[in-house]
Amino acid sequence: MSKNRIYQRSKMLIAALLLSLFCLTGCEKINRDTKIVLTTGFTKDEVFRIETASCYKKEVMVYLTNIQNQYEQVYGPEIWGQEQNGVTIEQSVKESVLAELAQIKTMNLMAEKYGISLDESEQDAVNEAAKVYFESLTDAEKETLDVTADTIRQLYREYALADKVYEYMIKDVNPEISDDEARTVIAQQILIKFAKQEEPGDTESYSEQQRSYAYARAEEALRRVEDGEDFDVVATRYNEAAESTVSIRKGEMDAACEAAAFQLGNGEVSGIIETPEGYYILKCVSTLNREETDLNKIKIVEERKKEAFSREYDSYVQTLTRHMNEELWQETTLLHDSEVTTSSFFDVYTQYYIS
């Protein structure tokens, strides 16, 4: 990930939620194996504690309010009234903020384990970012959020230190990915699906009849292509897939289809490929799409970084105890105040912090 890993995850989370409403993409949930202890031994406004690291309501409200205002800038305040399966967007966003802050607090504990701290230039950047963001707040926002310059400075310091810990944890991931490993083949496809059995009492022989019917259609489609009919025209009549052209990468498609696709040359057509879903016929458009292959390299590297991070982070989290102030958490809600419009917390961070 880049130096603004946490910011980017927050932005990705916001975008994903705006698109799908309830998909918490980009948010690492607090590990389920973490020992959770409910207790009344909290200091004033302490939302949760992970070992010696505490999170207070004012910290939650800075994150929550900035994300809330970013949402409303796009969709307006009416978005909070929407829900699915009894879960509101507000609940989803609250949980994502809780998980984000819990991860940052945990990674600050890990910084002690690794002996990692911010150097002088990084601390200067944090201080400058905190100064800029705090001065952007109106008096009403400072009072409503109950924040001081020290509050914002601490949030940015922990944010930056978590970033630095992440970079340390993924430092051994090799960023060099070969063209062959990331190769993306562009192919046109015809999929003829096996018919589903509609009645519980359907026999296996009936199923075989459907498979035979599908294969016969696949043979017919392939014959028309081999006789010179345009693949697009044949696909229009026979293809039952959602798309007519697909990008095929290693590990993302049925193994038989993938093997066939990577053996084709430009313009070549495969035979009939059997998969659990049905019969495929592929025509190779490009054996190596440069743009998509380069994008896939980035994706592969990011996946490897995530795997490297998760292995160590998840193992560490299992050793921790979390104390959750459920009563205070349930009382924590979005602010609906026309005088509180701040939304630049994450943007200011990326403007000033350089790891």
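Asp-119, Glu-120, Asp-124 and Glu-128 come together as a negative surface patch. Patches here are built from residues with over 30% relative accessible area and no salt bridge, with like charges joined within 9 Å and nonpolar side chains (Val, Leu, Ile, Met, Phe, Trp, Tyr) within 5 Å. Asp-119 sits in the loop between helix 3 (89-114) and helix 4 (120-136), and its relative accessible area of 36% makes it partly exposed. On that scale, buried means under 20% relative accessible area, exposed over 50%, and partly exposed in between (1.4 Å probe, protein chains only).

The model is a predicted one, so local features need pLDDT of at least 70 and side-chain atom pairs count only at pLDDT 80 or more, whereas totals for chains, interfaces and linings use all residues. Residues are numbered from 1 along each chain as its sequence is written, and side-chain values use heavy atoms, with hydrogens and water left out.

As for the overall picture, the chain has 13 helices and 10 strands, taken as DSSP runs numbered from the N terminus (H or I, at least four residues, for helices; E, at least two, for strands). Of its 355 residues, 47% are buried. The chain exposes about 17900 Å², with carbon and sulfur atoms supplying 47% of that area (Shrake-Rupley method, 1.4 Å probe; for residues, only the protein chains shown count as cover). Among contacts (heavy atoms within 4.5 Å) between residues at least 6 apart in sequence, 79% join residues at least 24 apart.

Side chains of opposite charge can pair when their charged atoms come close. With a salt bridge taken as a side-chain nitrogen of Lys or Arg within 4 Å of a carboxyl oxygen of Asp or Glu, the count comes to 19. One of them pairs Glu-274 with Arg-211, the closest N and O atoms being 2.5 Å apart. Glu-274 belongs to strand 8 (residues 273-274) and Arg-211 to helix 8 (residues 204-226), so this pair ties together parts that are 63 residues apart in sequence. Both ends are partly exposed, Glu-274 at 44% and Arg-211 at 26%. Lys-305 and Glu-302 also pair up, at 3.9 Å between the closest N and O atoms; they are 3 residues apart in helix 11 (residues 290-317), or about one helical turn. Here Lys-305 is buried at 14%, while Glu-302 is partly exposed at 28%. Asp-179, Arg-290, Asp-294 and Lys-297, for their part, are linked in a network of salt bridges.

Most residues other than glycine have a negative phi. Glu-51 is another non-glycine with a positive phi, about 55°. Glu-51 falls in the loop between strand 2 and strand 3 (53-56) and is partly exposed at 35%.

Finally, Ser-343 is in the loop between helix 12 (326-331) and helix 13 (345-352). Ser-343 is buried, at 16% relative accessibility. Leaving aside residues up to four places away in sequence, Ser-343 touches Asn-66, Asn-69, Gln-70 and Gln-73.

Technical notes
Lys and Arg count as positive and Asp and Glu as negative; His and the chain ends are not counted. The place of a charge is taken as NZ of Lys, CZ of Arg, CG of Asp or CD of Glu.
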